[in-house]
Amino acid sequence: MKMSRTNVPEDVKERIKASYDIIAPKYNEWTVKHIPLRQEYTAKVFEFISASGPLQQPRFLELGCGAGLPITKKLLSHPEAHVTANDISTTQIELARKNLLGAAEENARSSERLALIEGDMTKLSFTDQSFDAVFAFYSLIHLPRTEQTEMVGKIARWLKPGGYLVANFFDSDKEAVVMEKWLDKNDWMFWSSWGKEETLKIIEEAGFQVVASDVRKDEVNSSFLWVVGKR
Ligand SMILES: C[S@@+](CC[C@H](N)C(=O)[O-])C[C@H]1O[C@@H](n2cnc3c(N)ncnc32)[C@H](O)[C@@H]1O
């Protein structure tokens, strides 16, 4: 494995994409047990947003949307929301398309309000102040941590004043966590983290006010820092 100057393999993105392309169905089944915390933090953001009055035609961005269930679907459940959902994995985006844009009439209506974008989130580009909220669950953790810092900065620019970022991160400081096999035999995987204090500092330095943050153990006993930041 060829490493860059840091402990991050040079082909980290290609390898992550290749793995999710293979294990997406298995991951999506495995992660069902993690759903409650994602739903709790999505609901928290909806509460924050509605506290300042009803939002007309909100624009939401989801980074690393996976197969779109349950979060992208929840975002689309706002009758006027326009949702941009991104993932690096071709398989995940195809599954999201199937899950969210099936033949049913309700889904056909959603298709006008959903943009699915395949690709590395760090290569996305949007006009400043495009979104009311950005959701990133278990996805920023796959970026090398220097890229996490840059990504948080971009998200800050893409959000409207008063908009929200909700995301989770590992709570401990680890430049590179690599597993040769994660959920299956062919799923090399990579994660990275600045740790709790530094992550919160990065979020604040990007111009967010941290309005909620907590280290929570999920249903498989992994600890994550959950953060809601307000622009
Ligand atoms: C652990 S899964 C989380 C999926 C979904 N957010 C959820 O909570 O179930 C991580 C997702 O992020 C995607 N991902 C990883 N690196 C990415 C990147 N650089 N850009 C966009 N998506 C990425 C993966 O393909 C995968 O679908």
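## Ile 35 and helix α2

At 18% relative accessibility, Ile 35 counts as buried (buried means under 20% relative accessible area, exposed over 50%, partly exposed in between, with a 1.4 Å probe and protein chains only). Ile 35 sits in helix α2. Helices here are DSSP runs of H or I with at least four residues, strands are runs of E with at least two, and both are numbered from the N terminus. From Ile 35 to Gly 207 the sequence distance is 172 residues. In space the two are 29 Å apart, C-alpha to C-alpha.

Helix α2 covers residues 35-51. The helix lies across β1 (59-63), β4, β5, β8 and β9 (223-230). Contact means heavy atoms within 4.5 Å. Helix α2 runs at about 165° to β8. Axes are lines fitted to C-alpha atoms, for helices over the stretch in contact, and angles run from 0 to 180 degrees between N-to-C directions.

## About the model

This is a predicted model, where local features need pLDDT of at least 70, side-chain atom pairs count only at pLDDT 80 or more, and totals for chains, interfaces and linings use all residues. Residues are numbered from 1 along each chain as its sequence is written, and side-chain values use heavy atoms, with hydrogens and water left out.

## The sheet

Which order do the strands take in the open sheet of 7 strands? The order is β3-β2-β1-β4-β5-β9-β8, and the pairing is mixed. Two strands pair if DSSP finds at least two bridges between them. β3 and β8 (209-217) stand at the edges with a single partner strand each, so one side of each has no neighbour in the sheet. From one strand to the next, the twist averages 10°.

Strand β4 pairs with β1 in the parallel sense over 3 bridges. β4 also pairs in the parallel sense with strand β5 (residues 159-170), over 5 bridges. Ala 133 in β4 stands opposite Phe 60. The bridge partner of Ala 133 in β5 is Tyr 164. For Val 134, the bridge partner in β5 is Leu 165. Is β4 buried or exposed? 6 of the 6 residues of β4 are buried, so the strand is largely enclosed by the rest of the structure.

## Thr 84 in strand β2

Thr 84 belongs to strand β2 (residues 82-87). At 4% relative accessibility, Thr 84 counts as buried. What is Thr 84 in contact with, leaving aside its neighbours within four places in sequence? The list is Phe 60, Leu 61, Glu 62, Ala 115, Ile 117, Phe 126 and Phe 131.

## Helix α1 against helix α4

Helix α1 spans residues 12-30, and helix α4 spans residues 90-100. Their axes come within 7 Å and cross at roughly 40°. That makes α1 oblique to α4. Angles under 35 degrees count as roughly parallel, over 145 as roughly antiparallel, 65 to 115 as roughly perpendicular and the rest as oblique.

Which residues of the two helices meet? From α1 come Lys 17, Tyr 20, Asp 21, Ala 24, Pro 25, Tyr 27 and Asn 28. From α4 come Thr 90, Thr 91, Gln 92 and Leu 95. The contact divides into 5 nonpolar, 4 polar and 2 charged residues. Ala, Val, Leu, Ile, Met, Phe, Trp, Tyr, Cys and Pro count as nonpolar, Asp, Glu, Lys and Arg as charged, and the others, Gly among them, as polar.

## Salt bridges

Side chains of opposite charge can pair when their charged atoms come close. A salt bridge is a side-chain nitrogen of Lys or Arg within 4 Å of a carboxyl oxygen of Asp or Glu. How many salt bridges does a search of the whole structure find? The search finds 8. One of them joins Lys 13 and Asp 120, at 2.9 Å from N to O. Lys 13 lies in helix α1 and Asp 120 in the loop between β3 (114-118) and β4 (131-136), so the pair ties together parts that are 107 residues apart in sequence. Both Lys 13 and Asp 120 are buried.

Lys 13 also meets Glu 147 in a salt bridge, at 2.5 Å from N to O. Glu 147 lies in helix α6 (residues 145-158), so this pair ties together parts that are 134 residues apart in sequence. Lys 13 has a relative accessible area of 15%. Glu 147, at 21%, counts as partly exposed.

Glu 198 forms a salt bridge with Lys 201, with the closest N and O atoms 3.9 Å apart. The two are 3 residues apart in helix α7 (residues 196-205), which means about one helical turn separates them. Both are partly exposed: Glu 198 at 32% and Lys 201 at 41%. Elsewhere, salt bridges that share partners join Lys 13, Asp 120 and Glu 147 into one network.
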